[in-house]
Amino acid sequence: MTSYCEYLHDHPEDTLNKLYHDHEYGFPLEGDAALLERLALEINQAGLSWSLMLKSKDAFHNAFEGFDVDKVAAYGEQDVTRLLADATIIRNRLKIKSVIENARRIQGLRTEFGSFQGWLDAHHPLSLEEWTRLFKKTFVFTGGEIVKEFLRSTGYLPDAHDPDCPVYGQIAKLQPAWTRGVRNVVLGEHKEKDSHAADHPVR
Ligand SMILES: [Zn+2]
């Protein structure tokens, strides 16, 4: 099984994935808009290729107004219709409505935790299984695969990059959440699973 890091080492011409791998994947994110955006990308990617998701990433950012939590949480049917008519993004009613509902769930976390980020930090570290249970209780459209990739890509779980990948060291210096503790992570477990179809890199 080729890892995302190995794939990009061998395919530097895949600019879209290389930029994401080198500058975004696994890097800690600041702020709830950025976290909601990443969660939205993982939800919208479900069942599709990550390359397709990356191609429409900027369009998603614009269509969802930068993923401002309060703006998205206030979206009504008109906005759903607007988004479903936008050919530049992945148009799936269930996914779009899930992103809106999750923005509302984030608002609901503010009283106790201050923010989505505060909620994540308050629960870290958990094992992937514990995180998945908690996400399912708290959000919608957050199955195990989406939770795993969301947490890896935002630095709450390790394993985004292979230890011999140059980006691994760069990220470790930024002290993502996983450098502050890891719980019950079965090493190697994640890498055996191909979360995406065979025509694009494992990520
Ligand atoms: Zn890497």
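Q: How much space lies in the largest pocket?
A: The largest pocket holds about 230 Å³ of space, a volume filled by probe spheres set on joined grid points. A pocket is an open set of points on a 1 Å grid over the protein atoms alone, where a 1.4 Å probe fits, with protein on both sides within 12 Å along at least five of seven lines. This is a predicted model, in which local features need pLDDT of at least 70 and side-chain atom pairs pLDDT 80 or more, while totals for chains, interfaces and linings use all residues. Residues are numbered from 1 along each chain, and side-chain values use heavy atoms, without hydrogens or water.

Q: Which residues lie nearest its centre?
A: They are C5, H9, D164, C165 and P166, out of 13 lining residues (those with an atom within 4 Å of a point).

Q: Which helix gives the most to that lining?
A: Helix 1 does, with four residues (a helix is a DSSP run of at least four residues, H or I). Helix 2 (15-23) and helix 12 also give two or more residues each.

Q: What coordinates the zinc ion?
A: C5 (SG), H21 (NE2), H161 (ND1) and C165 (SG) coordinate the zinc ion at 2.0 to 2.3 Å (donors are N, O or S atoms within 2.8 Å of such a metal). In sequence, these donor residues follow the spacing C-x15-H-x139-H-x3-C.

Q: Why does the pair C5 and C165 tie together separate parts?
A: C5 lies in helix 1 (residues 4-10) and C165 in the loop between helix 11 (144-153) and helix 12 (166-173), so the pair joins parts 160 residues apart in sequence.

Q: Are C5 and C165 buried or exposed?
A: Both C5 and C165 are buried, with under 20% relative accessible area for a 1.4 Å probe, counting protein chains only.

Note on methods:
Donors = N, O, S within 2.8 Å, 3.2 Å for Na, K, Ca; no water. Buried < 20%, exposed > 50% of the residue type's maximum accessible area, 1.4 Å probe, protein only.
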